[in-house]
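Thanks for coming, everyone. Please look at the screen, and we will start where the two chains meet.

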Amino acid sequence: MELFLMQLFNGISVSSILLLAALGLAITFGLMGVINMAHGEFIMIGAYTAYVVQNFFKKYLPASVFDSYCIVAILLSFLVAGFCGLILEKLIIRKLYGRAADSLLVTWGISLILQQGARSIFGSPNVGVEAPSFLENSLKISGMLALPYKRLFILLIAVICLLGVYALMFKTRQGRNIRAVMQNRNMAASLGVNTSRVDASTFAIGSGLAGLAGCALTWIGAIGPTLGTNYIVDTFMTVVVGGAGSIIGSVFGAGFIGVGETAFEFMTTASMGKVLIFVCVIILLQFRPKGIFAVHTRSLED
Amino acid sequence: MTFKTESLYATYGEGMVLRHVDLEAPTGRITCLVGRNGAGKTTTMKAIMGLVKTPEGSIQLDGEELIHLPAYERARRGIGYVPQGREIFPQLTVEENILLGLEAKKGKGEIPDFIFETFPILKEFLQRKGGDLSGGQQQQLAIARAVVSEPKILILDEPTEGIQPSIIQEIGRVITGLKSRMAVLIVEQYLEFVLEIADYCYVMENGRIIMDGAPADLDQEKLQATMSL
């Protein structure tokens, strides 16, 4: 029973990381229809932002306040990645709306440029980010069952982000405008919605969320210039399985892939687990080609 | 308040669809643009709203030139638009659909009482998804959304299309009631409806205005012939 609960927690933990990474993509790909292959690099930008903040705290501030770097890192990783997303949207992405193949190729190129940029600035080897001391231990439930605080903290961040995105989309004027633009761009403009501004801010929010995911990832492993590429396939899979455009779909997609992958890996091997989850996704998409929760949004063909 | 277009040209892809269109729609008057399918009526509406290219001409609202402004700025200047097929947001609630109309005032203000006095059914269905309403209710929602910001001119593209006769009468009453608040410009194919509510008509053929005047003054034979082509 304890082993089952431990595996379940591991699955939920992987799901929460996937969800964090996929929330941004659910917005940029799911709602806006932009195939952004550079999404993973926004994760990487967020991770390196946390690394820089950590180094700044280590170097310039007293050790007693070191733990509070994580708050600054969380905020800055969102803002820096969001700002980079904003610049990218204004310079390049806005010319690619409705051009799926072009956006795929261009953003792939951008991802390579960003990776090389990270290599030039931080070097090729992976670097580590020290987690705050209050995340070092585990919550002991019973003899074998201990839940690491780091994983619990990431789960908490994922839940807060999810609630934040939900509140933004369904409880604010900005969210209403985003949904209107995604459903019918010309009509939204005809009512007075500045659609270019909505596009830019939506893309920035999606990129910022990816940055936040990157920040969270620094606490469970080393980071490097190719950090994002490790997650890009799983995050796209999460959004597609959940149903492009559906925030709640992303939660189910992340849960399906995270828990499924962990379970398959436990029963077989790491690589076989991956293969099996891919097979499950292919079978699922045969029956529900638009994902678990299909939503009508601005289509890529528009 | 007067709205007018002068020598307006519009293109769709490579082809010129509108040629030299002069229209005038003052407050207190229901102005109708009639013509058969493909005459260029919907393109005229889209050109006014800034949704198709207009290489030449002028679109003026109270003397202010709008031709170079994007659609959202035209809405903010005071054009309320009810498109053909209504185009309500099906996934948004009735309330959200109406609130979007306030974006013409940059989202400021609340839904004024006259909206629910004019369309009591919308108050009843405020939390329903727009897509769950009937065709007639969606048309009322589309009009409510366009007039919630109290625009200077309301432009409606085929408001009777696909609507049952009893609701058409109701929509006619609503539009007539609005003309004291704003100018009204309607594109319509349903000639009976036009002759009932219009104060002034423009007849369009092949992207040009071929005749205009009060409905009673129009050459009825020519009008019928144009519409039945």
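**Where the chains meet**

Two salt bridges cross the interface of chain B and chain A; the rule asks for a side-chain nitrogen of Lys or Arg within 4 Å of a carboxyl oxygen of Asp or Glu. In one, B:Glu96 pairs with A:Arg179, the closest N and O atoms being 2.5 Å apart. On chain B, helix H2 (71-77), strand S6 (79-82) and helix H3 (94-101) each give two or more residues to the side that touches chain A. Helices (H or I, at least four residues) and strands (E, at least two) are DSSP runs, numbered from the N terminus.

A word on the source. This is a predicted model, where local features need pLDDT of at least 70, side-chain atom pairs count only at pLDDT 80 or more, and totals for chains, interfaces and linings use all residues. Side-chain values use heavy atoms, without hydrogens or water, residues are numbered from 1 along each chain as its sequence is written, and chains are lettered from A and ligands numbered from 1 in the order written.

Now confidence. pLDDT is the predictor's confidence in each residue, from 0 to 100. Chain B has a mean of 93, with 100% of its residues at 70 or more. The model scores ipTM 0.93 and pTM 0.88.

How many residues of chain B are in contact with chain A? The number is 23, against 18 residues of chain A, with contact meaning heavy atoms within 4.5 Å. The area buried between them is about 1900 Å², and carbon and sulfur atoms give 56%. That is accessible area (1.4 Å probe) lost on being put together, summed over both parts. B:Tyr72, B:Phe89 and B:Glu103 supply 30% of what chain B buries there, more than any other three residues.

Key: Buried area = accessible area lost by both parts, 1.4 Å probe.
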